[in-house]
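Okay, thanks for coming, everyone.

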Amino acid sequence: MPKRTFISREEKRAPGFKAAKDRFTFFLGGNANSDLKLKPLLVYYAQTARAMKGVLKYSLPIIWEFNKKSWITRDIFQNWFTTHFCPFVKRYCELNNFEPKALLLLDNAPSHPINLSDLKTRVSVEIIFLSPNTTSLIQPMAQGVIANFKLHYLRRTFQQLIDKTEDGDKETILQFWEKYNILDAIGNIDVTW
């Protein structure tokens with residue numbers, strides 16, 4: 001929930017206020033030709049959220065990982081690289097009759113291990129780490145893809161809020177946000193991406 005909205009100000013004034021801590025980190029990727037979009041990686045603070053009881057994580061439109069702080073760690077990133085990125089790129093190359101090789105551009109985040117090139121994979125991946133303090137200027141995903149994703153995600157979420165609260169006999173804004181959960185967020189991520 002953005003901090004500059006009416007609901008977040010209202011939440012702070014409520015008796016027994018406790019700020020909502022439900023957050024996640026996600027990682028998007030694609031190719032320069034824009035015909036390949038990787039399945040988004042989502043890192044949540046719980047191994048299994050209450051809203052996901054009975055939901056098979058492998059059937060989700062995202063790659064589900066967890067960390068107490070909802071951060072992408074080196075282990076999570078390395079697992080994503082070997083079990084998701086490389087096989088996905090290999091399949092893409094086979095379908096398009098390309099040589100199985102790729103170029104992966106990464107920023108210098110602490111979660112990006114520098115030894116990724118040493119891992120044995122079935123795809124030849126050259127990894128280039130962008131210079132510090134230049135990522136926002138030259139990283140392809142930062143050139144509008146991430147900003148557009150966030151914009152469309154928020155637009156979709158607020159449209160759902162409007163649809164559920166528009167008539168007087170429907171639920172209130174607070175009721176909508178109390179019911180909004182990680183599965184709703186994943187659904188919005190899927191449609192947005």
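Before anything else, one cut-off: a residue is called buried when its relative accessible area is under 20%, exposed when over 50%, and partly exposed in between. And keep in mind that this is a predicted model.

So, with that cut-off, let's go to W193. Its relative accessibility is 17%, and because buried means under 20%, W193 counts as buried. Who does W193 pair with? That would be F149: the two rings are edge-to-face, 6.1 Å centre to centre, with 75° between the planes. F149 sits in helix α4, residues 145–165, while W193 is in the segment after α6 (182–192), so this pair ties together parts that are 44 residues apart in sequence. F149 is buried as well, at 4% relative accessible area.

Ring pairs join W193 and F149 with F24, F26 and Y153 into a cluster. Then there's K37: its charged end sits over the W193 ring, 5.4 Å from the ring centre.

Okay, zooming out on the aromatics. The structure has 16 aromatic pairs. Another one of them is Y92 with F98, and this pair is tilted, with 6.0 Å between the centres and 55° between the planes. Buried or exposed, what about Y92? At 16% relative accessibility, Y92 counts as buried. F98 has a relative accessible area of 46%, so F98 goes down as partly exposed.

Next stop, H112. You'll find H112 in the loop between β4 (101–106) and β5 (124–129). Even though we're in a loop here, H112 counts as buried, with 8% relative accessibility. What does its side chain make a polar contact with? The side chain of D107, at 3.0 Å. Leaving out residues up to four places away in sequence, H112 touches D107, L106, F27, F77 and F129.

Last bit, the whole chain. We've got 6 helices and 5 strands, and from the N terminus the order goes α-β-β-β-α-β-β-α-α-α-α. Of the 193 residues, 33% are buried. If you take contacts between residues at least 6 apart in sequence, 51% of them join residues at least 24 apart. As for the surface, the chain exposes about 13,000 Å², and 53% of that comes from carbon and sulfur atoms.

That's my tour, so over to you.

Key
Residues numbered from 1 in each chain as written. Predicted model: local features only at pLDDT ≥ 70, side-chain atom pairs only at ≥ 80, totals over all residues. Heavy atoms only, no water. Helix = DSSP H or I, 4+ residues; strand = E, 2+ residues; numbered from the N terminus. Buried < 20%, exposed > 50% of the residue type's maximum accessible area, 1.4 Å probe, protein only. Polar contact = N/O pair within 3.5 Å; in protein donor to acceptor, adjacent residues only side chain to side chain. Contact = heavy atoms within 4.5 Å. Phe/Tyr/Trp six-rings, centres within 6.5 Å; stacked < 30°, edge-to-face > 60°. Lys NZ or Arg CZ within 6 Å of the ring centre and 35° of its normal. Areas by Shrake-Rupley, 256 points an atom, 1.4 Å probe, with all protein chains shown as cover.
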